[in-house]
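User: I would like to learn how to read a structure, one feature at a time. Could you take me through this one?

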Amino acid sequence: MNKFKILSVAFLATVSVMNAQDIDQAKKAIDAEQFENAKSTLKSIIKSDPSEGKAYFLLGNIYLSQKVSDSAKITYQNGLTAKNDEHFNYIGLGQMDLNKGDVVAAKAKFELARKEMGRRDFGEYVYIARAYMNADKPDFKAAIQTLNLANERNAAEPQVLLAFGDAHYGDKNQNAAYSAYRNAFQADNSLIRAKMQLGVLLKGAKAYTEAVKAFNDVIATNPNYGPLYRELAETYYYWALNVPSRNDEYMKEALSYYEKYMSLTDYSLASRMRHADFLIVAHDYKALEIEAEKMKQIDKVNPRILRYLGYSAYYNDNVDVAIKSLQDYTANTTNSVISLDYLYLGLANIKKATMGADVTAAEPVLFNKGIELIKKAVAMESAVVNDLSEAGKGLYEQKLYKEAAAVFEISTSNKESKNFLLDNFYLGNSLYFDNTKAGAVKDTIALRKADIAFGNVIEASPATQDAYVYRARTNTLLGDDAQMINYYQQYIDIVTKKGPEEMAKAAVKGKLIEAYNTMAAGYANTDKVKAIEFFNKTLAIDPANGYALQSVEMLKK
């Protein structure tokens, strides 16, 4: 009997050691973002020994990071019934409370976890801090306060230092984050993530050349650490946005590195969705459609796949697929609908309403539905106006000026938009040209909107000389000679100041002739001397100008 007891104790000790090793292996897989591998390991531990509460907690964390909240909650609750380390699961449930905005309930659960800590334990503090950081609305200051408690127990612990780095980085304290990451790596040079984060700081500072070098230095020591390639992908993506002349080259690099990241992590549905999200921001919609079809084969009922199908189908001109996919997705109240879902559904309706090489006007029902959906998207998140310029320009190039104006009116509603100046120029032009096309009935309200739009361009960029010409033309249509003369004169002043080289350009000469002739016509009924003066300025540029010659002849009679 005693021998059996000794064997049993030895067996349990062996199992405990093996489980600890497996949990460490799962942690490494999580850190390397090999989530399916980690889930498989943790499920195996739970199946063989349901007493390991830490395994439930880590598994729940993965589900929570993958937005599978129901599975996360069940896993945490099951973890509370385990014999060992069950209290960690209160931390996971606490983060779920934070996601719901219930800070009081979250703190109560964190306190339940803290009560079970030993005098030298610090891991619970690290995980509580990460719950604050990983919540849907992160609270980095609360994370730092919690980590200060961990620091009191073990100031040299690499994981504490790493968490401090993440918290300071989230709190926008770059110097403190740098020190923490550096110290974490010095304390444990196997902690690749700490060294990687030093490159992340450079990426955030837009020091892209230095960031790439930092990541490549880490790759030289550990070429199989997947997250490095994700960071390289993001670095080249941001670099592409900041250096338009090399956009194609850097975007190609970004997509290549993301593929490498995928190959070193996993091709699960969750990973494919992360890849799809990156393809959206990288605007690679051909690849997105391929990825969406692959996801559909894995899980035909996952609603997020409809989003990816909708976005890619819109850009690939499969408008019926785009409309059907996004209508189905947004109609389901259980789906987490974002502004882009309504934006692309609206744009798809507009595209369908204006398809055809010889279309002269949009189909009104579909077009108006599209505009209302876009307005709904902007109401949810004003920054989506940045994505409207391309659609507006497309309509403008189709000479669908009224429809283009409707889109540009929305895109110029946010003064913080990166396209605010150019979109206002297009808005003014769209309204102006809609009022000058054959058979147009003058729309005074639209022309006043055009005047305001050109005014916005001038205010933001006074050197944009053509804005003065179009504003003058708009005021000509409005019958406001005083303002017409004012804006033509401002155009003349700008190009004259630029010197003879600018004024010698054919396009500028043409607009100067237009300005002088139109100003002269404006003065003709009130100041003949002034009118003749301006017609003569035209003749100084173009001595054979028929309109000016004939007008001067009539004014001298």
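User: Which residues does Asp266 touch, not counting residues up to four places away in sequence?

Analyst: This is a predicted model, so everything here is computed from it. Asp266 touches Glu33, Gln34, Phe35, Glu36 and Ser271 once those sequence neighbours are set aside. Asp266 itself is found in the loop between helix H14 (247-264) and helix H15 (269-281).

User: How far apart are the C-alpha atoms of Asp266 and Asn37?

Analyst: They are separated by 8.1 Å, while along the chain the two residues are 229 residues apart.

User: Is Asp266 buried or exposed?

Analyst: Asp266 has a relative accessible area of 11%. Buried means under 20%, so Asp266 is buried.

User: How does the radius of gyration of the chain stand against that of a compact globule?

Analyst: A compact globule of 557 residues would have a value near 24 Å, but the chain has 32 Å.

User: Among contacts between residues at least 6 apart in sequence, what share joins residues at least 24 apart?

Analyst: The share is 53%. Leu343 gives a case to look at, and it is found in helix H19 (residues 339-353). Leaving aside neighbours within four places in sequence, Leu343 is in contact with Ile374, Ala377, Val384, Asp387 and Leu388. The C-alpha atoms of Leu343 and Leu373 are separated by 6.4 Å, and the two residues are 30 residues apart along the chain.

User: Is Leu343 buried or exposed?

Analyst: Leu343 counts as buried because its relative accessibility is 0%. Ala72, in helix H4, also counts as buried, at 0% relative accessibility.

User: With which residues is Ala72 in contact, leaving aside its neighbours within four places in sequence?

Analyst: Ala72 is in contact with Gly60, Tyr63, Leu64 and Met96. From C-alpha to C-alpha, Ala72 and Asn61 are 6.8 Å apart in space, and they are 11 residues apart in sequence.

User: Where does Arg304 lie, and what does it touch beyond residues up to four places away in sequence?

Analyst: Arg304 lies in helix H17 (residues 304-315). Beyond those neighbours, Arg304 touches Met273, Asp277 and Tyr329.

User: Why does Arg304 count as partly exposed?

Analyst: Its relative accessibility is 24%. Partly exposed covers values between the 20% limit for buried and the 50% limit for exposed, so Arg304 falls in that class.

User: What is phi of Lys172, and where is its place in the chain?

Analyst: Phi of Lys172 is near 65°, a positive value in a residue other than glycine. Its place is in the loop between helix H9 (158-170) and helix H10 (174-187). Lys172 is exposed, because its relative accessible area is 71% and exposed means over 50%.

User: How is empty space found?

Analyst: Rolling a probe the size of a water molecule over the atoms shows where empty space is left. In this model, the second largest pocket has a volume of about 350 Å³.

User: How many residues line the second largest pocket, and which lie nearest its centre?

Analyst: The lining has 19 residues, of which Val103, Lys107, Phe110, Tyr132 and Ala142 lie nearest the centre. The elements that give two or more residues to this lining are helix H5 (88-99), helix H6 (103-115), helix H7 (123-134) and helix H8 (140-153). The largest share, five residues, comes from H6.

User: Which classes of residue make up the lining of the second largest pocket?

Analyst: The lining has nine nonpolar, four polar and six charged residues.

Note on methods:
Residues are numbered from 1 along each chain as its sequence is written. This is a predicted model: local features need pLDDT of at least 70, side-chain atom pairs count only at pLDDT 80 or more; totals for chains, interfaces and linings use all residues. Side-chain values use heavy atoms; hydrogens and water are left out. On a 1 Å grid over the protein atoms alone, a cavity is a set of points where a 1.4 Å probe fits but cannot get out, and a pocket is an open set with protein on both sides within 12 Å along at least five of seven lines; lining residues have an atom within 4 Å of a point. Grid points are joined across faces, edges and corners, and a volume is the space filled by probe spheres set on the points. Helices (H or I, at least four residues) and strands (E, at least two) are DSSP runs, numbered from the N terminus. Ala, Val, Leu, Ile, Met, Phe, Trp, Tyr, Cys and Pro count as nonpolar, Asp, Glu, Lys and Arg as charged, and the others, Gly among them, as polar. The radius of gyration is taken over C-alpha atoms; the globule rule is 2.2 Å times the number of residues to the power 0.38. Contact means heavy atoms within 4.5 Å. Buried means under 20% relative accessible area, exposed over 50%, partly exposed in between (1.4 Å probe, protein chains only).
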